[in-house]
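Please examine the sequence and the model shown here before reading on.

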Amino acid sequence: MARHLDLIGIGPGNPDWITLAAVKAIQSLDVLFVVLKEREVDDLVEFRREVLRRHRPDAEDPSAPHPLRLVELQDPPRPWQSTPDYPKAVATWRAQRLGQWTQAVEGALEDGQRGGFLVWGDPSLFESTLAIVNRLIAEVDSRGGVPIELNVIPGISSSLSLATRHQIALNRQGRAVQISPARLLEEGMPEGVDDVVVMLDGKQTFSLIDPTGLDIYWAAYIGSPDEILISGPLADVKDEILRVRAQAKEEHGWLFDTYLLRRR
């Protein structure tokens, strides 16, 4: 036999934006591995609970016909915002995750059972879960353990949600779109690229580059009741985004945001 592991994309924060495939996968799980991120806040925990309440209401009922076992994994600290060696810090963090997750899966998932992770957004876009789980499966195989079959269920990504919430197309006819971490834009827009979706901008890089000829479509808490949308010429709205962003982070204690930079 074999064990099964599902990576289930659950979108950026709206419980209505979950696919039928994700619902079916959630309902079939025997074990749910819950990654508790560093300094995780009530809003994020509540969203995950709401997903389970809607689609697996007996999740915490041990007497249910098909009980769901929850296994909590406390995420290792993320030191790379302050480290001088970013690649090394990320590699160390991933190795720590791999060791913890491997131990948890081996200890909790029995032959013939189905386990799963709920993954923010889409498991294949700016998400380390898929890469770590592939390594986990390879390690289990190398030791001759009970095989693990992987199933990846796509989710609605924040980049696609960004475009729909601003009611724009993510691409323009005959032009490419680049999806990039903010650190690659420190020198400005890439040569020959007119549309860039920017992720992971903890340093607000959009406010530091030359704004000439650029528009920005910015969003935070996409799809949630706290959603914030700001768009316009970068030179005109960047200070507003900085102010609103700081206020929102102070109020909620956390902030997920993304944006599209577009040459006019």
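**From the surface to the charged contacts**

Leu200 is found in the loop that runs between strand E7 (195-199) and strand E8 (214-220); helices (H or I, at least four residues) and strands (E, at least two) are DSSP runs, numbered from the N terminus. The model is a predicted one, in which local features need pLDDT of at least 70 and side-chain atom pairs count only at pLDDT 80 or more, while totals for chains, interfaces and linings use all residues. Residues are numbered from 1 along each chain as its sequence is written, and side-chain values use heavy atoms, with hydrogens and water left out.

Leu200 counts as exposed because its relative accessibility is 62%; buried means under 20% relative accessible area, exposed over 50%, and partly exposed in between (1.4 Å probe, protein chains only). Together with Phe126 and Ile179, Leu200 forms a nonpolar patch on the surface, with about 280 Å² of accessible area in total. Patches are made of residues with over 30% relative accessible area and no salt bridge, like charges being joined within 9 Å and nonpolar side chains (Val, Leu, Ile, Met, Phe, Trp, Tyr) within 5 Å. Accessible areas come from the Shrake-Rupley method with a 1.4 Å probe, and for residues only the protein chains shown count as cover.

How many cavities of 30 Å³ or more does a search of the whole structure find? The search finds one. On a 1 Å grid over the protein atoms alone, a cavity is a set of points where a 1.4 Å probe fits but cannot get out, and a pocket is an open set with protein on both sides within 12 Å along at least five of seven lines; lining residues have an atom within 4 Å of a point. Grid points are joined across faces, edges and corners, and a volume is the space filled by probe spheres set on the points.

The largest cavity holds about 170 Å³ of space. Its lining comprises 16 residues, and Val35, Lys37, Leu118, Val119 and Trp120 lie nearest its centre. At least two lining residues come from each of strand E2 (31-36), helix H2 (42-55), helix H3 (86-108) and strand E4 (114-119). By class, this lining has 10 nonpolar, one polar and five charged residues; Ala, Val, Leu, Ile, Met, Phe, Trp, Tyr, Cys and Pro count as nonpolar, Asp, Glu, Lys and Arg as charged, and the others, Gly among them, as polar.

The second largest pocket contains about 290 Å³ of space. Of its 16 lining residues, Gly13, Asp43, Phe47, Ser224 and Pro225 are the closest to its centre. The lining of this pocket has 10 nonpolar, two polar and four charged residues.

Charged contacts complete the picture. A salt bridge is a side-chain nitrogen of Lys or Arg within 4 Å of a carboxyl oxygen of Asp or Glu, and the count comes to 17. One of them joins Arg3 to Glu106, with the closest N and O atoms 2.7 Å apart. This pair links distant parts of the chain, Arg3 in strand E1 (residues 3-9) and Glu106 in helix H3, 103 residues apart. Arg3 counts as buried because its relative accessibility is 4%, whereas Glu106, at 32%, counts as partly exposed.

Arg263 forms a salt bridge with Asp194, the closest N and O atoms lying 3.3 Å apart. Arg263 lies in strand E10 (residues 257-263) and Asp194 in the loop between strand E6 (178-181) and E7, so the pair ties together parts that are 69 residues apart in sequence. Finally, Asp16, Glu46, Glu50, Arg53 and Arg54 are linked in a network of salt bridges.
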